[in-house]
Each structure stands twice: as C-alpha cells, then as structure tokens.
Amino acid sequence: MKGLVAAVGRERTPSHPGPGLVTSESLRALDLAIGRRVDGLLAGDYRSAFAGLGSELLQVRPYEPGDDVRRIDWNVTARTGTPHIRVELAERVLVTWLVFDSSASMSFGTADRRKADVAEGVALAVGHVATRRGNRLGLVAFGPENAEWRRPRQGRRGLLLALGGLREEPTGAGSLGDALRMVDGLAVQRSLVVVVSDFRGPYDWHKPMLRVAGRHPTVAIEIRDPREQELADVGELRLVDPETGRQLRVDTSSRPLRERFAAAADEERRGLVRLLSSAGVRHTALSTEGDWLRPLAAFLRRSSDTR
C-alpha cells in the first residue's frame, strides 16, 4: 500500500499527512468485507456474451491453432470428423465507478488529517479491491471547472491510472450533480457507483443521484471533520468558505452561538441522510479524526449482509 501511495506521487507534509498507515492486514479485512458484495453483484444477471470460461454455452466452432484443447467438444468432433471447441458465456467483470470530490472544501481538516487525505485513503482502499480478479475501476473527479473522468481499467495499472486523475490540491467549487450526470452517461453496463464527498454546497445532485441509483447499486461515503459539527470555544474567529471565499467573523465564546451552530449542522446532516435514503443510496460517514478504514470495512460488510 505504501508503494501505491508513492507511485501516485503524493508528497507528505504535516499539513498534508495523507490517509495514514494502511496495513496489509487492513486491506485483507477490506477484501473480505467488500468481496462478498462484489461477488454478489456478479451473480445472476451480471453475465454477457464475452468469450471465456463459464457455465452457459454460446457456440461451438472449429478448433483454431492456439485454442485451449481442454475446450474441445468431443461429441461434435466425433460427428463431424473436425475438431470443434465450446465457447461459453463468461462472467462479466464488475465495473466500479469512483465519483471523487476534489473541491476546495475537501482541503479542510482540524483533526488527524484533512478531508482530502481521508478521501484519498478511501479511493486507494476501494480501488485496491475493485480492481482485483479482472474487475475494473473508472473515475469521475469533480472540483474546479468541469468534471474529469478516466475510463475503467483493471488491475494495479488501472488503479494507478485512475488515481492519477485525482488532483494534488483540492480547488474550486465543483458540482456533484454534473459528476453524477457524467457517470449516468458513461456507465453503460450495470456497475457499482461509489461517491466519496463531503456533500457540502447546494443539493443539485439529488435528481442525478436518483437516476444513477435507479440503474446501479450506489453507496455514498461522506467525509466529515469534527469542527464542521460543533464549534470549539476559542474566542473570536474569522471563518472562510473555501469554495466561495466568503468570510464571516464569529465569537465562539458565545454559548448560544455554539448551540445554534451545532443544531444547524445536525439538521443539515439529517437532511443529507434523508435525501440519500430517498434515492436508495447506502450511506456512511467517516471522520478526519481517528481510524477511517475500520468503519469503512464495517459499513461495506453490513451492506453485503443486507443486499
């Protein structure tokens, strides 16, 4: 995992600490958690007429040099006097689309790391699992100006190419709604959609989310910082919206102000949960404080148990 982080080219500093230590043991636990969900999604209607190993017959055709002799159909070969092989329906690989928030609000962080660092760790961990066994990972990143995308690829190369599309420093306001509309057009086959965002800003994404979640299993991974939920009593502060530049001077020593802030933040998060639930999207929140990987694995395990 350290090799993956280094290959993406992230320079670690105290202000940009990265996602923290991700051990091989943690990744194996995540493999087990999300692996059951991926395997379940590949069952049943996740089949396509791609030539390969499978259990349903697509066609029988004459043998050609280089074909696997284990696929020879001896009954047809005996009847025709010419070697023939079986071509069967292969299991379709699962495509995971990672919708990644690289807007300016993701650079905020007052605990162990920034929201962008946790989001990067989630992208690495989910991407590591999503590209195993021939499955593919695609990326739509939104932040400054227009959303950018990387077509789905498999394996370690696919993971690194996708993560190479993530910006080093989050900037701009971005639009989750635009990113979801892009995914809706790009995801031709039924896919798993994973949205990693702090969901700050206008709720322009609700209708596109409804459409995407109606076609694809979708999960939302929200990244939070403790100071976004409650203000600390540290006297007078100048607060700046990183996406709009708007500034506000507040006196955090005022208890009524802190209580109003906490109540408003709680209602905003409740509204987010209601919107995601109404779209049929499973949701979890990860914090910039403490371990983010363990609750992520627990969430994915619960999702696989209740699908």
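Is Ser175 buried or exposed, and at what relative accessibility? Ser175 counts as buried because its relative accessibility is 14%; buried stands for under 20% relative accessible area, exposed for over 50% and partly exposed for values in between, with a 1.4 Å probe and protein chains only.

The legends below refer to a predicted model, in which local features need pLDDT of at least 70 and side-chain atom pairs count only at pLDDT 80 or more, while totals for chains, interfaces and linings use all residues. Residues are numbered from 1 along each chain as its sequence is written, and side-chain values use heavy atoms, with hydrogens and water left out.

**View 1. The protein chain as a whole.** The secondary structure of the protein chain consists of nine helices and eleven strands. Helices (H or I, at least four residues) and strands (E, at least two) are DSSP runs numbered from the N terminus. The protein chain has 307 residues, of which 44% count as buried. Among its contacts with a separation of 6 or more, 75% are between residues 24 or more positions apart; contact means heavy atoms within 4.5 Å.

**View 2. Ser175 in the loop between H5 and H6.** Ser175 lies in the loop that runs between helix H5 (155-163) and H6. Not counting residues up to four places away in sequence, Ser175 touches Phe142 and Asp204.

View 3. Gly158, Leu159, Ala162 and Leu163 are the buried residues of H5. They line one face of the helix, because seen down the axis of H5 they fall within an arc of 125 degrees; the arc is that of the directions from the helix axis to the C-beta atoms. Exposed Arg156 and Arg157 are on the face of H5 turned away from the buried side.

**View 4. The packing of H6 and H7.** Helix H6 (residues 176-186) and helix H7 (residues 206-215) have axes that come within 9 Å and cross at roughly 30 degrees. Axes are lines fitted to C-alpha atoms, for helices over the stretch in contact, and angles run from 0 to 180 degrees between N-to-C directions. H6 and H7 are therefore roughly parallel to each other (angles under 35 degrees; over 145 is roughly antiparallel, 65 to 115 roughly perpendicular and the rest oblique). On the H6 side, Gly177, Leu180, Arg181 and Asp184 meet Pro208, Met209, Arg211, Val212 and Arg215 of H7.

**View 5. The buried side of H7 and its cover.** Pro208, Met209, Val212 and Ala213 are the buried residues of H7. Their arc around the axis is only 125 degrees, which puts them on the same side of H7. The cover over these buried residues includes H6, E7, strand E8 (218-224) and helix H8 (255-278). Lys207, Arg211 and Gly214 are exposed on the face of H7 turned away from its buried side.

View 6. Phe199 is in the loop between strand E7 (192-197) and H7. Its phi is near 55 degrees, a positive value in a residue other than glycine. Phe199 counts as buried because its relative accessibility is 2%.

**View 7. Val122 in H4.** Val122 belongs to helix H4 (residues 115-130) and counts as buried at 0% relative accessibility. Leaving aside neighbours within four places in sequence, Val122 is in contact with Gly127, Val196, Ile221, Leu286, Trp292 and Leu296. Val122 and Leu286 are 164 residues apart along the chain, and their C-alpha atoms are separated by 9.5 Å.
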